[in-house]
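Visitor: I would like to learn how to read a model of this kind step by step, beginning with the whole chain and ending with single residues. Could we take the features in that order?

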Amino acid sequence: MEDNALKNFTPAKFISFAVGFFGLQFAWQMRIILSGPVTENLGASPFIFGLIWLAGPFTGMVVQPLIGALSDKTKLAFGRRRPYLLGGALLSAIALIALPNSESIVNWISTQLHLPLLALAALFFAAVMIWILDACVNIAQGPYRALVPDVVPQEQHSLANAYISLAIGLGSVVAAATAPFLKWAFHYQMSIPAQFVMAALAFTLGMIWTCTFIKERVNKGENSEAKTEKFDFVQSLKDFFALSPEVGKICWMQFFTWIGNMCMMIYFTQYAVHTVFNVPDLSGVNEGLKASYDSLVLAGTNFSSICFAIFNLVCFLVAIPIGIVAGKLGNKKVHIISMLSMALAFLGMAFTKNHTAVAVLMGLSGIGWASICALPFAMLSKYIKPGTEGSVMGIFNIFIAGPQVFVCTLVSWFINKCVFEVQGVGVNYHWEYTFIIGAVCLIIASVITAMVKE
């Protein structure tokens, strides 16, 4: 074990470590921004859109604990975590390319097999691609988080998670800003399928880079019998909460944090298109009316991308400072301030349609996002026992994925009921209400964080 002691990471090694997460977040950000326009164009109502978003939490609750435990027990020459990182990226790339082409693929299949084209078949296919994509992202994400305690010395855990936050911010900025930048600089509108292909390449190449340059250690003294144990989820759950009384508080903190956070992540593009740009609901209108709103939908989608770029640029800029300040003042204090700033931004967005104000408030909420991506994991990592990193991170992900079920079902149902008439066109929905729900949950999460003992 002495020969296998962990060495401090240099900035260059931290960057190589984070490149894969840059690609993962690039793909995830593209899914966040563009899955709404893709599925709405195929006939998805707000409630159906919410149900499709259940892909993330359900696969997160099932896939991450299972894959995390499997990666703990995997013993291959290629590594414990790296097979899952690379495999998840490659499978995600396939789903990313297929998703925006759902209608064409379904039409081709029905033609080749001489089958009648069923109503909403393309929407169903798109939903399946989203589920596959989310499952594969979770296959990669859990083991990736487990790499931190695997290969990084404990005194650098906060900094390692800060680099992951930096990669999340930068990956999201590039993903969100590319199409609007090309439109602004070169008057070229990048198509939605092309943006998804770009995401597939970023995810795959980023993971190849990290898997190539980050070597996993092998503990020669490990008990080989432990690798043949069957995964007992109930026992793993008991062991997880037995780590410390503070673990339960951190989990409840995550639960309410991610309800608040996903109220924005899931619905912001719809809010931008339908609330800020006043586009009515187009899921049930005829093709002629839908076509008349194409330019406004495009403008709203590009505005959403710009706002997400600002949001993640702020995350990118403050990620490392947050890690450094948290190391000096404590994770808890910094996390509370960050989440309250995000709650304040959400309340502001609920009561304005001004484009500049919305963009500025999205930037303010990026401070909270940088903290959410790093500090809860740093707080939890202090209680992880060696050899259980993947299992612990997988179970912890339940308190990230579980809240999304609430957002995808009850919140989407609530928005579906908050309908109002648009004279001469049809209906629209009060998407801004999601920000009020999100702000309240972030405030609750801040109160719980104050109860955690560091």
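Visitor: How many helices and strands does the secondary structure of the chain come to?

Guide: Please keep in mind throughout that this is a predicted model. Its secondary structure comes to 18 helices and two strands. The radius of gyration is 22 Å, close to the 22 Å that the globule rule gives for 454 residues, so the chain is as compact as a globular protein of that length. Along the principal axes, the C-alpha atoms fill a box of roughly 75 × 50 × 45 Å.

Visitor: How much of the contact set comes from residues 24 or more positions apart?

Guide: Among the contacts with a separation of 6 or more, residues 24 or more positions apart account for 83%.

Visitor: Which residues have the most contacts inside the largest nonpolar core?

Guide: The general idea is that in soluble globular proteins, nonpolar side chains tend to be buried together. In this model the largest nonpolar core has 139 residues, and those with the most contacts inside it are Phe-17, Phe-240, Met-264, Phe-268, Phe-308, Met-349 and Trp-369. Helix H10, which spans residues 245-276, gives the most to this core, with 18 residues. A second, separate core has five residues, among them Ile-67, Tyr-84, Ala-135 and Ile-139.

Visitor: What does Phe-240 touch, once residues up to four places away in sequence are not counted?

Guide: With those residues set aside, Phe-240 touches Val-247, Cys-251, Leu-380, Val-392, Ile-395, Phe-396 and Phe-399.

Visitor: Let us turn to helix H10 itself: is Ile-266 buried or exposed?

Guide: Ile-266, which has its place in helix H10, is buried, with a relative accessible area of 0%. Not counting residues up to four places away in sequence, Ile-266 touches Phe-49, Trp-53, Val-407 and Cys-408. By way of a distance in space, the C-alpha atoms of Ile-266 and Leu-86, which are 180 residues apart in sequence, are 26 Å apart.

Visitor: And where is Pro-37 placed, and is Pro-37 buried or exposed?

Guide: Pro-37 lies in helix H1, residues 11-41, and with a relative accessible area of 18% it counts as buried, because the cut-off for that class is under 20%. Leaving aside neighbours within four places in sequence, Pro-37 is in contact with Thr-269, Gln-270 and Thr-301. Pro-37 and Leu-123, at 86 residues apart in sequence, are 12 Å apart in space from C-alpha to C-alpha.

Visitor: Finally, the backbone: what is the phi of His-187, and what is the phi of Asn-278?

Guide: The general idea is that most residues other than glycine have a negative phi. His-187, although not a glycine, has a positive phi of about 55 degrees, and Asn-278, likewise a residue other than glycine, has a positive phi near 60 degrees. His-187 sits in the loop between helix H7 (157-186) and helix H8 (192-213), and at 70% relative accessibility it counts as exposed. Asn-278 is placed in the loop between H10 and helix H11 (287-292), and is partly exposed, with a relative accessible area of 47%.

Terms used: Residues are numbered from 1 along each chain as its sequence is written. This is a predicted model: local features need pLDDT of at least 70, side-chain atom pairs count only at pLDDT 80 or more; totals for chains, interfaces and linings use all residues. Side-chain values use heavy atoms; hydrogens and water are left out. Helices (H or I, at least four residues) and strands (E, at least two) are DSSP runs, numbered from the N terminus. The radius of gyration is taken over C-alpha atoms; the globule rule is 2.2 Å times the number of residues to the power 0.38. Contact means heavy atoms within 4.5 Å. A nonpolar core is a set of buried Ala, Val, Leu, Ile, Met, Phe, Trp, Tyr and Cys residues joined through side-chain atoms within 4.5 Å. Buried means under 20% relative accessible area, exposed over 50%, partly exposed in between (1.4 Å probe, protein chains only).
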